[in-house]
Amino acid sequence: MKHVIVIGGGIAGMQCAAELARGGIRVTVLEKQSDTGGKLRNWHKLFPSLTPAGEVLGGLNHTLRRLPNIDVRTECEAAELSPRRVVLATGEELECDAVVVATGFTLFDARIKEEYGYGIYDNVITSADLEEMFNTGKVSTTSGAAPRRIAFLHCVGSRDEKVCQRHCSKVCCVTGVKQAMEMKELFPAADVFNFYMDIRMFGPGYEEMYREAQQRCNIHFVRGRISEVSPTIDGRLQIKAEDTLTGRPLKIGVDMLVLLIGMRANDMNAVLEQRCGLERQTSGFMRPRDQFLHNTESNVAGIFYAGAVTAPKSVGESLNEGTAAARGVIEYLAAKECTDNSTIDE
Ligand SMILES: Cc1cc2nc3c(=O)[nH]c(=O)nc-3n(C[C@H](O)[C@H](O)[C@H](O)COP(=O)(O)OP(=O)(O)OC[C@H]3O[C@@H](n4cnc5c(N)ncnc54)[C@H](O)[C@@H]3O)c2cc1C
Ligand code: SF4
């Protein structure tokens, strides 16, 4: 029986493993964390349908447990790879017939943008922190009071030359709209502002959410970047910005500032390029063989990609890539077997 190693037990890796097992392949999933699920373990409800993230993960975990020939190894980090071998951080070596890299992305560290005060001032949080608050059911300011005015800031660590992250992270605009609506639902009396550069609503149902946020929820969208955040003596935050549509400078006091952090490429991608011969894009994400017909294949035969390891992606897109990568692997193994058999015949 052929053996495929899937590196990364996020949703893309889980979906890929399930599809491979259905195709009669023995699969080993390597996950460096203590459990599978990747970033979705921390998300609350998913845009655009507001499906609980736990429901999606529950479905994937159930499928993985039910299918034969899948071995999930948690707390197991891959350090190097070739099409026939994966070396773990412990030095252990695993043999295989193909590899799928589904190692996802890294959240931008908001402390790097010091001017926004993350990790310095109370009540400056990230979109990832807010998902965690939604999950615990404890959403409030540090003092425990309900926020009366909340601001969201788009493009933190994306489209930003200064921090070498020029790409658009694609999902943070819609995350900001979703979270603003959730906050308005929790705190109906609060004023909610979204400070944006451009609003990018690329997926089905996203534009409708944006309209609903403005028309039904009365969320204010201000075109402009926040230049400075400082604490006030009454425990609030003062935000300085410029409304670039009216050209007027703005100064407002808020009780909570949510930074919509971007998706950046994993540091491990540099190792994949330097030691494993795989190509990277200028954004640091891995480069697929081509963007159209072979977008889950790498430049090395026998090494495939699934999910956000090649670019920022939504859950639906990452799941689809898990399926597509598995089909690519199955075709590759079948073609290889034909070639190997004809070589023996000769
Ligand atoms: C704040 C925020 C909110 C979001 N909300 C939504 C939403 O509501 N709806 C939506 O459609 N999308 C949402 N997304 C996008 C969603 O998170 C991604 O589409 C999804 O996480 C991509 O899955 P993945 O499996 O490719 O990567 P990941 O979720 O990053 O999983 C990768 C896995 O690989 C593991 N790994 C990494 N390196 C190694 C290694 N060397 N060895 C072993 N294991 C390794 C990691 O531990 C991780 O478990 C959101 C993104 C952000 C930033
Ligand atoms: S999706 Fe929106 S918030 Fe995210 S980087 Fe792109 S423009 Fe900025």
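In which loop does C164 lie? C164 is found in the loop between β12 and α4, where helices (H or I, at least four residues) and strands (E, at least two) are DSSP runs numbered from the N terminus. The model is predicted, and local features need pLDDT of at least 70, side-chain atom pairs count only at pLDDT 80 or more, and totals for chains, interfaces and linings use all residues. Residues are numbered from 1 along each chain as its sequence is written, and chains are lettered from A and ligands numbered from 1 in the order in which they are written.

C164 is a residue other than glycine with a positive phi, near 55 degrees. Because C164 has 12 C-beta neighbours inside 10 Å, it counts as exposed; a residue is buried if 20 or more other C-beta atoms, placed from the backbone, lie within 10 Å of its own, exposed if 12 or fewer, and partly exposed in between. N218, in the loop between α5 (206-215) and β14 (220-223), is likewise not a glycine and has a positive phi of about 60 degrees. N218 is exposed, with 11 other C-beta atoms within 10 Å.

The domain assignment, which is automatic or taken from a database, gives domain 1 (3-105 + 265-345) and domain 2 (110-262). Their centres, taken over C-alpha atoms, are separated by 33 Å. Eight residues from domain 1 and 17 residues from domain 2 take part in the contact, for which C-beta atoms placed from the backbone must lie within 7 Å. The side of domain 1 that touches domain 2 has four nonpolar, four polar and no charged residues. In these classes, Ala, Val, Leu, Ile, Met, Phe, Trp, Tyr, Cys and Pro count as nonpolar, Asp, Glu, Lys and Arg as charged, and the others, Gly among them, as polar.

Ligand 1 lies between domain 1 and domain 2, because both give residues to the shell around it. Of the 37 residues around ligand 1, G8, G10, G38, G104 and G307 come nearest; a residue is near a molecule if its C-beta atom, placed from the backbone, lies within 6 Å of it. Two or more residues of this shell come from each of α1 (11-22), α3 (127-136) and α7 (315-345). The shell around ligand 1 holds 18 nonpolar, 14 polar and five charged residues.

In helix α1, 11 of the 12 residues are buried, among them I11, M14 and L20. At 1.5 Å a residue, the 12 residues of α1 should span 16 Å, and the end C-alpha atoms are 17 Å apart, which agrees; the expected span is 1.5 Å times one less than the number of residues. Just after α1, G24 takes a positive phi of about 80 degrees.

Ligand 2 is surrounded by 13 residues, of which C155, S158, C168, C172 and C173 are the closest. β12 (149-156) and α4 (172-186) each supply at least two residues of this shell. By class, the shell around ligand 2 has five nonpolar, four polar and four charged residues.

F105 is found in the loop between β9 (98-101) and β10 (106-107). F105 counts as buried because it has 25 C-beta neighbours inside 10 Å. F105 and M268 are 163 residues apart in sequence, and their C-alpha atoms are 9.9 Å apart in space.

Key. Two residues are in contact if their C-beta atoms, placed from the backbone, lie within 7 Å.
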